[in-house]
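Here's a quick briefing to read alongside the model. Have the sequence and the coordinates open as you go.

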Amino acid sequence: MLRILIVEDEKPISELIRMSLSSAGYQCACVYDGIAAADLIEQETFDLILLDVMLPGADGFELMEYIRPKGTPVIFLTARGTVADRVKGLRLGADDYLVKPFEIIELLARVETVLRRYHKLDRMMEVGGLSIDIPSRTVMRDGLEIPLTKKEFELLLLFARNPGIALYRETIYERVWESDYLGDSRTVDLHVQRLRKKVGWEEKLKAVYKVGYRLEE
């Protein structure tokens, strides 16, 4: 299981991030100040660090001195959204820079993108009674392979990586079809209905009124 360190001094935000990442299958550790973060970074190994800039003890920019030698990818999460701050964070070696407030679905997407860039994403997932082999794009239930189209597999992965989160139709369309959503929900609805039937998720993949769909954990 991939390990993510959350360095965020606002405990409600830290806990929300931890719960969302844990639901998506990541193992998380949380620290609330820069000194504790530096100690933990030196003692333990993480696959990704989510790092606030404004921290007591030592700020996020200073912490990059501890992180850079380890080669651990970093995503800054901060209210400091000026161009100068973003450029500074990226020049210090961060892989991404997300300005608060942000949607959890966007954070999860950026986490997934950075981990994929470093070839750290798990090859296999077990969710909803399914075994998903990501590199080979095969899906198994009870030892039998379930044939899926390319879009159905990508749709399945999107829900599998975001369990318990209500995904808007426009988010689903933009992530799976990689183009702007034009307001026609029929394509998304049709593919979700077919996916439900194929993988046996009729009771797990729920419609959310005026929103889209959610995979029940």
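Which residues touch the most other members in the largest nonpolar core? Leu50, Val111, Ile132, Phe159 and Ile172 do, out of 48 residues in that core. A nonpolar core here is a set of buried Ala, Val, Leu, Ile, Met, Phe, Trp, Tyr and Cys residues joined through side-chain atoms within 4.5 Å. Buried means under 20% relative accessible area, exposed means over 50%, and partly exposed is in between (1.4 Å probe, protein chains only).

This is a predicted model, so to speak with its own ground rules: local features need pLDDT of at least 70, side-chain atom pairs count only at pLDDT 80 or more, and totals for chains, interfaces and linings use all residues. Residues are numbered from 1 along each chain as its sequence is written, and side-chain values use heavy atoms, with hydrogens and water left out.

**Cores and their members**

- Apart from the 48-residue core lies another one, of 21 residues, including Ala37, Ile41, Leu63 and Ile67.
- Leucine 50 is in contact (heavy atoms within 4.5 Å) with Ile4, Leu5, Ile6, Val7, Ile17, Leu21, Ile75, Leu77, Leu107 and Val111, once neighbours within four places in sequence are set aside.
- Isoleucine 17 sits in helix α1 (residues 11-23); helices are DSSP runs of H or I with at least four residues, strands are runs of E with at least two, and both are numbered from the N terminus.
- Isoleucine 17 counts as buried because its relative accessibility is 2%.
- Not counting residues up to four places away in sequence, isoleucine 17 touches Ile6, Leu50, Leu77, Phe102 and Leu107.
- Isoleucine 17 and isoleucine 104 are 87 residues apart along the chain, yet their C-alpha atoms are separated by 7.4 Å.

**The four-strand sheet**

- An open sheet of 4 strands runs in the order β6-β7-β8-β9, with antiparallel pairing; two strands pair if DSSP finds at least two bridges between them.
- At the edges stand β6 (124-127) and β9 (144-145), each with a single partner strand, so one side of each has no neighbour in the sheet.
- α6 packs on this sheet and touches β6, β7 and β8 (138-141). The direction of α6 makes about 115° with that of β7, using axes fitted to C-alpha atoms (for helices over the stretch in contact) and angles from 0 to 180 degrees between N-to-C directions.
- β6 and β7 (residues 130-133) pair over 4 bridges, with methionine 125 opposite isoleucine 132 and glutamate 126 bridged to serine 131.
- These two strands form a hairpin with 2 residues between them, and glycine 128 in the turn has a positive phi of about 55°.
- β7 and β8 run antiparallel, joined by 3 bridges, and serine 131 has methionine 140 as its bridge partner in β8.
- The β7-β8 hairpin has 4 residues between its strands, with arginine 137 in the turn at a positive phi of about 55°.

- α6 is mostly covered, with 9 of its 11 residues buried; among them are Glu152, Glu154 and Phe159.
- Arginine 161 is in the loop between α6 (150-160) and β10 (167-168).
- Arginine 161 is buried, at a relative accessible area of 10%.
- The side chain of arginine 161 makes a polar contact with the side chain of glutamate 112 (2.8 Å). A polar contact is a pair of N or O atoms within 3.5 Å; within protein, one must be able to donate a hydrogen and the other to accept it, and residues adjacent in sequence count only if both atoms are side-chain atoms.

**Aromatic pairs**

- The whole structure has 3 aromatic pairs. Rings of Phe, Tyr and Trp (its six-membered ring) pair if their centres lie within 6.5 Å; planes under 30 degrees apart count as stacked, over 60 as edge-to-face and the rest as tilted.
- Phenylalanine 76 and tyrosine 97 have ring centres 5.7 Å apart and planes at 50°, so the pair is tilted.
- Ring pairs link Phe61, Phe76 and Tyr97 into a cluster.
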